Amino acid sequence: MRKAYSLKFEKESVQTSERVKYVDLHSSKPWILAAVYSGNVCIWNYHSQKIEKSFKVTESPVRSAKFVERENWIVVGADDGLLRVYNCDTMEMIKEIEAHTDYIRCLAIHPTLPYMLSASDDKLIKLWDWEKGWICSRVFEGHGHYVMQAAFDPKALNTFASASLDGTIKIWNMDSGSLDFTLDAHSKGINCIEYFMAGDKPFLISGSDDFTAKVWDYETKSCVQELEGHTHNVTAIGVHPDLPIIMTCSEDGTVRVWDKTSYRLENTLEYGLERVWTVAYMKDSSKVVLGCDRGTVVVNISGSHGSDAADV
């Protein structure tokens, strides 16, 4: 019988700011990268609780910013349709690309190859190869509405999934550029998707404007669980790599924590910073970062597994 986890979620710190649309964590430095609706990007040190670097990217909202640690870069996607690449130390812009004709909603970095995906309100997903001077090597076309997120499959590294306000999830082959299949997933728009493993089995999870999240067995193309309870749009999803939890973030101002195996609701977190837009976490870390309308929250998770209590 599986021993139960008992987890504690403790608010560690809050950085108040304008609306935070995206957060990312650095794996070796105590840095949170925050993309802000005002067009700024900042790096916040969660040890010193100070802003280390902050700069204006554009007058448009910035909806995605990612560390590319193996190149020591920050990449930023904004509503002006431009991709920008910055040196992580100097914050000098080293590349600017006219990438899309509408808002850039999401950036995804390939885990091993020099590739990045960008997803946009122009209904397109584009694949960029930075070793070839940031050429656009493929364009993936087929969604009927804004593309809100794209995510690389961690097992099949030539495959990725995309989520759109057209209510579908599409699975794409990166090598051929072809569409593998489409899931008619939600009755309203889909804002977020993520791959995760439960045991040895791969799943996808999607979050929607229908206020639900759904877990998909994408080998059988079937929904195995619907997570209900949010009272507004589900905006972001996090499946922790070490802990058996799924986190769903919502415009209702809460984060719901679910057991990854039983899908039982374990906890509801609310920090009074209004709508929650984004969540970041990483392997071998007990910290979870949430980006909200009124700032960023760092949450520390500690817990016990059966009778052996230990920090996670």
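Tutor: Start with the largest cavity: β25 (265–270) and β27 (287–292) each give its lining at least two residues. The model is predicted: local features need pLDDT of at least 70, side-chain atom pairs count only at 80 or more, and totals for chains, interfaces and linings use all residues. Residues are numbered from 1 along each chain as its sequence is written, and side-chain values use heavy atoms, without hydrogens or water.

The count of cavities of 30 Å³ or more is one. A cavity is a set of points on a 1 Å grid where a 1.4 Å probe fits but cannot get out; lining residues have an atom within 4 Å of a point. The largest cavity holds about 40 Å³ of space, filled by probe spheres set on the points. By class, the lining has seven nonpolar, two polar and two charged residues. Gly counts as polar here, Tyr and Cys as nonpolar, and Glu as charged.

Now turn to strand β20, residues 213–217. Strands are DSSP runs of E, at least two residues long, numbered from the N terminus. β20 is mostly covered, with five of its five residues buried; buried means under 20% relative accessible area with a 1.4 Å probe. Look at one side of β20: Ala213, Val215 and Asp217 are buried there.

What runs beside β20? Strand β19 (residues 201–208) is joined to β20 by four bridges, and the two run antiparallel. Strands pair if DSSP finds at least two bridges between them. Ile205 has Val215 in β20 as its bridge partner. The hairpin of β19 and β20 has four residues between the strands, and Phe211 in this hairpin takes a positive phi near 75 degrees.

β20 also pairs with strand β21 (residues 222–227), in the antiparallel sense, over five bridges. Here Asp217 stands opposite Ser222 in β21.

How values were computed:
Buried < 20%, exposed > 50% of the residue type's maximum accessible area, 1.4 Å probe, protein only. 1 Å grid on protein atoms, 1.4 Å probe; cavity = no way out; pocket = protein on both sides within 12 Å on 5 of 7 lines; lining within 4 Å.
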